[in-house]
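Open the model in your viewer and keep the selection panel at hand. Each stop below says what to select and what is there.

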Amino acid sequence: MPSTTNTPAAYDAVIVGGGPAGLSAALILGRCRRRVLVCDLGKPRNFASHALHGFLSRDGIDPAELLRVGREQLEPYGVEMILREVTDAARVPDGFRVTLGDGRVIAARRLLLASGVVDRLPQFEGAAEMYGRSLFHCPYCDGWESRDMPLAAYGPGREAYGLALGLKTWSQDVVLCTGGKSRLVARDRARLRRLGIPVREEAIVRLEGEDGRLRRVVFAAGEPLDRGAMFFKTGQHQRSPLAQRLGCDFNSRGTVRTNRFEGGGVPGLYVAGDASEDVQLVVVAAAEGAKAGFAMNKGLQKEDLALAELGRREAAGGRRKRTGSRATRGSETAAVLRGQRVREPSDQQERGGRGTPRPTRSGIGNRKEQNAEDE
Ligand SMILES: Cc1cc2nc3c(=O)[nH]c(=O)nc-3n(C[C@H](O)[C@H](O)[C@H](O)COP(=O)(O)OP(=O)(O)OC[C@H]3O[C@@H](n4cnc5c(N)ncnc54)[C@H](O)[C@@H]3O)c2cc1C
C-alpha cells in the first residue's frame, strides 16, 4: 500500500536517531512504502570505537562504515534523512508534533525514539585519550581484544564487583579498582579473595600509557598498578530527554520499559536500541529497530485499511441515501484521522483470540500477550 495521503500527518513515521536502531527501523518502514524522516544529531554512542564486534557478518567493521552503508541502503526507498536535533515532541490526537532544532514543526503518525544513551566516563586524567582503545565499558565488545592481559575493573558501585567477576572470562589477572571506599560487604570480599581478584580502594589519579594504550593505573596513595586495559561501570543516561517528556516509564538503569514490539507505553510511540531496556549491542539495537518498524507498519496498515474501507462504505451509503448509519461511520473515520484505533472485525482473529492485553502498572501491558497491532 502506498504511503498515505488521506491523513493530516505529513510523515508516517519520524525516527529520532540515525544509529543502528533508527536506520534498521527506517529500512523496514521504507520497504513498506512508508513516508519516513530520520533526524540524527550525528553523535553515536560508540564514537570512540575503531572496530565493531559481535555483529554477525560484520565483525571488526569500522562503526562509522556500518552507518554509512546503512544510510546508503536506505536511498532506494526514499527515506528522508536530516542531520538535525529533535528538540521536542508532543502527542496530539492524530499522532505527534515533532519540533526540530531549526524551529520547524513536523507532523508524524508514529514516532520512534532511537536516540541512544551516553556513557559517563571516568573523570581521572588520561581517561579521554584511552577511551575506546584500552578503556572500555563492555567486555562483550572489547574483551576478546584484551584477552589474557592484566585487566582492571573500575567503578564506585556494586556493579563493578559484577564486572570484575565477569572479566575472569577473558583474563585470569583481574584487579577491582573502586576509586574510593567501596560498598563491598564481607561476603563479596570473601568471594573476590577465593577467585583471586585483589581490590584497590584508593582514589585513581591518572591512567598512564602511550598512544591510547594503558600501561599503569596511578593512585592517590600506594604503588601504581601495571594494567593492559581497564573496563568501567560508571553509569549512563539517555542521550535525549524526549522519552521522559513523553511520559515513558523507566527502569532502575535509566532505560525505557517497552513491550516486546518496542512500544513505549504511549499510543504510537516506540523506543528501540540502547534507549530501551535490553542488551546494549549493535545487533540487538538493529533487531529492536526492525521490530519497531514492523509494529509501526502494522498499526498504520490497520488505520489505512479502516479508512479505505469506511471511505468506500460512506460513498456507497451516500449513493444509496442511507443517512441513518452514516453519522456513526463518519465519526469512526474521524476517530481514525485523530489517531484513535477503531476496532475491526478481524481484531480478535488476528490476535489469535488472546484478547486485549491487560495494562500493567507501567501501562505497557502484558508482554507475552501483546501483539504487534496493539499499540
Ligand atoms: C566505546 C564503545 C564501543 C562499543 N563497541 C561495540 C561493539 O563492538 N559491538 C556492539 O555490538 N556494540 C558496541 N557498543 C554499543 C553500541 O554502540 C550500541 O549498542 C549501539 O550504538 C546502539 O545503537 P542505537 O541506535 O540505539 O544508539 P546510537 O548508536 O547511540 O545512535 C543514536 C543516535 O541518535 C542520535 N540522537 C540522540 N538524540 C537525538 C535527538 N534529540 N535528535 C536527533 N538525533 C538524536 C544520536 O546523536 C545518535 O546518532 C559500543 C559502545 C561504546 C560506547
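**A tour by selection**

Select β12 and strand β13 (residues 213-219): the two pair in the antiparallel sense over six bridges. Helices (H or I, at least four residues) and strands (E, at least two) are DSSP runs, numbered from the N terminus. Two strands pair if DSSP finds at least two bridges between them. Within this pair, Glu208 stands opposite Arg216 in β13.

Two notes on the model. Residue numbers start from 1 along each chain, as its sequence is written. The model is predicted: local features need pLDDT of at least 70, side-chain atom pairs count only at pLDDT 80 or more, and totals for chains, interfaces and linings use all residues.

Next, select the open sheet of five strands. Its order is β8-β15-β9-β10-β11, and the pairing is parallel. β8 (135-136) and β11 (199-200) stand at the edges with a single partner strand each, so one side of each has no neighbour in the sheet. Inside, strand β9 (residues 151-154) and strand β15 (residues 229-232) are joined in parallel by four bridges. There, Ala153 stands opposite Phe231 in β15.

Now pick helix α6 (residues 186-194). Is α6 enclosed or in the open? Of its nine residues, the number buried is zero, so α6 lies largely in the open. A residue is buried if 20 or more other C-beta atoms, placed from the backbone, lie within 10 Å of its own, exposed if 12 or fewer, and partly exposed in between. Just after α6, Gly196 takes a positive phi of about 70 degrees.

For contrast, go to strand β1 (residues 11-16). Six of its six residues are buried, so β1 is largely enclosed by the rest of the structure. β1 runs parallel to strand β6 (residues 105-113), paired over five bridges. Ala13 faces Arg110 of β6 as its opposite residue. β1 also pairs with strand β2 (residues 36-39), in the parallel sense over four bridges. Val16 has Cys39 in β2 as its bridge partner.

Stay here for the core. The largest nonpolar core has 50 residues. Such a core is a set of buried Ala, Val, Leu, Ile, Met, Phe, Trp, Tyr and Cys residues joined through C-beta atoms within 7 Å. Val14, Ile15, Ala25, Ala26 and Leu112 have the most contacts inside this core. Apart from it lies another core, of 28 residues, among them Tyr154, Tyr161, Ile197 and Ala229.

Last stop: the ligand. Which residues come nearest? Of the 41 residues around the ligand, they are Gly17, Gly19, Asn46, Gly116 and Gly273. A residue counts as near if its C-beta atom, placed from the backbone, lies within 6 Å of the molecule. Colour the shell by class: 18 residues are nonpolar, 16 polar and seven charged. Ala, Val, Leu, Ile, Met, Phe, Trp, Tyr, Cys and Pro count as nonpolar, Asp, Glu, Lys and Arg as charged, and the others, Gly among them, as polar. Helices α1 (20-31) and α8 (282-319) each supply at least two residues of the shell.
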